[in-house]
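Colleague: I'm new to this one and would like to learn how to read it. Could you walk me through a few features?

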Amino acid sequence: MREKSVATLEEVLHQQQSWVKVHAAEYKLWAGYPNGVYEVFLEEKERSEAIPQYRIGIWRVLAQASPTQAATYWPKIVEAFEDRSGKDRVHAAETAAKLGLSLEDLAPRATSEVLSGEINSLYVYTLWSTLHGENPTRSSGDLLELILSPGVEELPKMQAAYALRNYGNLSKEQWEKLADAALEEPSESMAKVYLLSAAFLHAPDAATEEAKYLNLKRNLLAMADSPKKGERMEMAIALGESGEVEELPVLVGLLEGNNPIMEEGESQEEALENAANHDIRATAAYAILQLDRTEEYFLAWGDWMVVVVYLMGMLGIGYFFSRKNKDEKDYYLGGGKMNPIAVGLSLFATLLSSLSYLSYPGEMVKYGPVIFSGVLIFPLVYYVVGWFLIPKFMKLRVTSAYEILEINLGVSIRLLATFFFLSLRFLWMGTIIFITVHTAILSIFGFDPSFTLLISVLLMGITIFYTTMGGLKAVVFTDVIQSAVLIGGAVLTLFVVSWHFGSVSAWIPQDWLPHWGELKMGFDARERLTIANALLTTFVWYVASSGSDQMSIQRFLATENIHTARRTFGVSLITTFVVQVLLGFVGLAVMAYFTAFPRFLAPGETLNSHADQLFPKFILVGLPVGISGLVAAGILAAAMSSLSSGLNSTSSVISEDLLKRFSKTYKQPKNQLRSIRNLSLFVGILALGLSLLISRVEGNLYDIIVKVVNLFVSPLFVLFFMALFIPFATARGTFWGGICSISIAVAVAFFKVMGIEVLYILPVSLGVGILMGTLLSWVDHRLFGNPETMEKRVKAAAIIKEDFPEKKEQ
């Protein structure tokens, strides 16, 4: 039936004309079979764009067939709506509403005129469009009120019901009113079927067994043999979108034309060739394909066993290493002599995290491979970090990286850095919890969204247990295991997709895909993605993170010397390069898979709109039993790997930079290890609370990561840059440089100041911070001197004497 339905839509698209052709095209797009639609309607545009009304339908199809080109058609639609003497004004208002455009935002004056006038078709569709506004002043209740108002003509009532069927958002009380109105509407009314459809589709879950709901369904099914085309089509759509597979025979009958609408004197064969019956058959085909997409998928018992064994293993590792931690240095730095390769893999697993594991494939699907070109800058990153930053850190054997700032610039800058770092890591951990639970766990494991908080608590609880028990040794050991699982999951995904298609080359696009947009090379702060932008963003992120983040510096200091620290960073970069390339290919692979098998996407889901969910969904529906569980465990691994590192490094900063400074009792050695573990518990609970707020941030996964997680990366590095590389840096100048940096980061991320795209948060905030910090420090130094200079030199000399006796004479 699936194959027959797709073939029917293809036939109607190519053989029929005008609005029947438009309907078939939209059905193909909505069902996930877009092949050929864009090309057919480009020809229609050339041939028929001058035809009033139909031209609106052409623009509507093209806007949906090519999302990257959609904005070119919106002004045309708005212009048609604003033309008060135009012949297709009603069609323009309807199309704007269907495309999710708010005429109240795009044409406020014309919209106000329409909504203050008589209630007609133009009024209804304009009202519907206003529900999509940024700050809508109307709701679905206004459509319902219009339906229930006495004296409203049949046509506007029908169109209001049609809008309500598409928009929904009804309360239980509102649904009751709509259902009563649908059942009471006279059978000869043209609004009847649309009222029934809207009430049937938007019934609350608790009402689906009630007599009223069953009565709605019975009335709808009676439309199967209606002599009116519109009634049959609306009934078919309602049945298809309801997901009630038991009504499939009704749809099959419509698809096969068992009882076509016939005009007087026509034979059944002749009737089947009428445009009306082609429209009905196309609608039935779409409804069957929608039913096909409502099937639910779940992990098998074998998958659950893999996940459970993995989680138990993590707890066991935490317990094992808890018996080996003798003091604070063991807990935070693993004794300072850990294997550089293991530490490098741990650093990779930490920096990659489940955020990257889930967001990179989605970024590839939606925007293409441009962002992955950033890996080409890795050799320069390795040189800058390895020869300019790591040597400076390794000279001072400190537990907290921010002791360096106090040595050079005083207590105020160390406290500011502590605030930046803690803000960064708390937001980072909150985002990991939110994205892992909402994007992966709910999708793969099939949990109800109402269990979100419980799942988040469980995820963080397990991580807190093995992290607080085992310290950095447990973190690094589990990171090594999790790195293998993570890489293995990506490789297995590529293998399975290649097996489905018969080869690797079959799923790799041969051309640049249209929805990726135009490929651009140069620097452009107002362009989301260009090759140069990707290189710059990647370079700044790695240098800034490696040069200021306690999680990175902590791992450098956990090795023996500069050489092993460089080796650690090199291992991290090489592994990251391999996995980024793998995840990019995973994006291409799952995109090809769901293009070939759109039935696995739920109704309303498209490759573009749900790009971030494709990889988790493939894990559920595309991988064999056992492997699905392994890759699901890999995502949990990536999340817990990063959370464990965040807990360890964040608690170490709070311990060294805050508690030891301000708490007298904390300085007693006998309290330290116990207090450290209590700190990790506090950090975990706070991160858990923040995860509940991340859902309000707009954008795809990658945008959320850049806006939230990377907000403090550059401002934090500004402080280190000033301390390490600006000889005349002062505390006041550096402080205000950091404040300027975070201010511009917030302005770009959440207010898009000067039209700067989110990927430029890092370079712009870094540049502004360094510039302002240097300028203000120079002014401060020239006008007021730098009274802290002698104090800094004394402290630095004391540390050198203590830790590097061979340099005492120098």
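Colleague: Let's start with E26: is E26 buried or exposed?

Modeller: Buried means under 20% relative accessible area, exposed over 50%, and partly exposed in between, using a 1.4 Å probe and protein chains only. E26 has a relative accessible area of 2%, so it is buried. Keep in mind that this is a predicted model, where local features need pLDDT of at least 70 and side-chain atom pairs count only at pLDDT 80 or more, while totals for chains, interfaces and linings use all residues. Residues are numbered from 1 along each chain as its sequence is written, and side-chain values use heavy atoms, with hydrogens and water left out.

Colleague: Which residue forms a salt bridge with E26?

Modeller: First the general idea: side chains of opposite charge can pair when their charged atoms come close. The cut-off here is a side-chain nitrogen of Lys or Arg within 4 Å of a carboxyl oxygen of Asp or Glu. For E26 the partner is R60, with the closest N and O atoms 2.7 Å apart. This pair links distant parts of the chain, 34 residues apart: E26 sits in helix α2 (residues 18–31) and R60 in helix α4 (residues 54–65). Helices are DSSP runs of H or I with at least four residues, strands are runs of E with at least two, and both are numbered from the N terminus. R60 counts as buried too, because its relative accessibility is 3%.

Colleague: How many salt bridges does the structure hold?

Modeller: There are 29. Take E234 and R165, whose side chains meet at 2.8 Å, N to O. They are 69 residues apart, E234 in helix α15 (residues 229–242) and R165 in helix α11 (residues 154–167). Both E234 and R165 are buried.

Colleague: What about R528, which residue does its side chain meet in a salt bridge?

Modeller: That would be D703, at 2.7 Å from N to O. The two are 175 residues apart: R528 is in the loop between α25 (452–501) and α26 (531–546), and D703 is in helix α32 (residues 701–709). R528 counts as buried because its relative accessibility is 12%, and D703, at 11%, counts as buried as well.

Colleague: Now a helix. Which residues of α14 are buried?

Modeller: In α14 (residues 211–221) they are Y213, L216, K217 and L220. They cover an arc of only 95° around the axis, so they lie on the same side of α14. That arc is taken from the directions from the helix axis to the C-beta atoms. The face turned away from the buried side carries the exposed residues A211 and R218.

Colleague: What covers the buried residues of α14?

Modeller: The cover includes α12 (172–184), α13 (192–201) and α15. Contact, by the way, means heavy atoms within 4.5 Å.
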